[in-house]
Amino acid sequence: MKHLILYEQFINEQETTEPIIDFSTTLDDSFTTHVIYPEHPEYSNLKPHFKKLGIAFTDPTRGKDIWIDGEKVEEDSFTADHIKAVEAHEIGHHILNHQPPYDETMEQKADIAGIAILKKAQEFEAVAILALRFRDLYKSNPKDYILKNSAREFLRSYIKNL
Ligand SMILES: [Zn+2]
């Protein structure tokens, strides 16, 4: 099966038959993103995580890896900006020292951190995607969300060093 590659690191609209595509994350190259497709032998092990957590997941206790569901990437509406929005959210879990299972508060904080990371990277299309998701899910404006205490400090020092 052929998959369209839409990441900027590769030539746009290039196709691949690989069941997994790994690349370092442009927002922070210490992270590796893995887009895994249903033909991959490990996909069935990851699918329950995707079902529970949505399009992607990361486990900061197990390394700086971001796993993205290739089945979602195949959807026409999905763009390279969506990849960035997903990566920023998952990096947010790492810098805020979250450990799965994540609760709703952690999910909100990861979005807020993700938006800040994307703003610093001037990825404004991806900012809009994450902000819209936040408004839809939580019926509130991410601008009104205030990170407190340690979370705020973790985010501030991370952003400063980007
Ligand atoms: Zn999350």
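Predicted model: local features only at pLDDT ≥ 70, side-chain atom pairs only at ≥ 80, totals over all residues.

Colleague: What's the angle between α3 and α5, and how far apart are their axes?

Modeller: The angle is about 65°, and the axes are 8 Å apart. That makes α3 roughly perpendicular to α5, because angles of 65 to 115 degrees count that way.

Colleague: Which residues meet there?

Modeller: From α3 you have Asp-81, His-82, Lys-84, Ala-85, Ala-88 and His-89. On the α5 side they meet Glu-125, Ala-126, Ile-129 and Leu-130.

Colleague: How do the residues of that contact divide into nonpolar, polar and charged?

Modeller: For α3 with α5, 5 are nonpolar, 2 are polar and 3 are charged.

Colleague: Okay, new helix pair. How do α4 and α6 sit, roughly parallel or roughly perpendicular to each other?

Modeller: Roughly parallel. The axes of α4 (residues 104-120) and α6 (residues 149-160) cross at roughly 20° and come within 11 Å. The crossing of α4 past α6 is right-handed.

Colleague: Which residues make that contact?

Modeller: α4 brings Lys-109, Ala-113, Ala-116, Ile-117 and Lys-120, and α6 brings Ala-151, Leu-155 and Ile-159. The contact of α4 with α6 has 6 nonpolar residues, 2 charged ones and no polar ones.

Colleague: Switching to the inside. How many residues are in the largest nonpolar core, and which touch the most other members?

Modeller: There are 28 residues in that core. Ile-68, Ala-88, Ala-113, Ile-117, Leu-118, Ala-126 and Leu-130 touch the most other members. As background, nonpolar side chains tend to be buried together in soluble globular proteins.

Colleague: Which elements give two or more residues to this core?

Modeller: On the strand side, β4 (28-36), β5 (56-57) and β6 (65-69). The helices are α3 (80-95), α4 and α5 (124-138). α4 gives the most, with 7 residues.

Colleague: Where is Pro-101 found?

Modeller: In the loop between α3 and α4.

Colleague: And which residue other than glycine has a positive phi near 60°?

Modeller: Gln-122 has that phi. Gln-122 sits in the loop between α4 and α5.

Colleague: Is Gln-122 buried or exposed?

Modeller: Exposed, because Gln-122 has 8 other C-beta atoms within 10 Å.

Colleague: What about the phi of Asn-149?

Modeller: Asn-149 is not a glycine either, and its phi is positive, about 45°. Asn-149 lies in helix α6, and with 7 other C-beta atoms within 10 Å, Asn-149 is exposed.

Definitions and conventions
Residues numbered from 1 in each chain as written. Axes fitted to C-alpha atoms, helices over the stretch in contact; angles between N-to-C directions. Helix = DSSP H or I, 4+ residues; strand = E, 2+ residues; numbered from the N terminus. Parallel < 35°, antiparallel > 145°, perpendicular 65-115°, else oblique. Left-handed = near helix turned anticlockwise from the far one by under 90°. Contact = placed C-beta atoms within 7 Å. Nonpolar A, V, L, I, M, F, W, Y, C, P; charged D, E, K, R; others polar. Core = buried A, V, L, I, M, F, W, Y, C linked by C-beta atoms within 7 Å. Buried ≥ 20, exposed ≤ 12 C-beta atoms within 10 Å, placed from the backbone.
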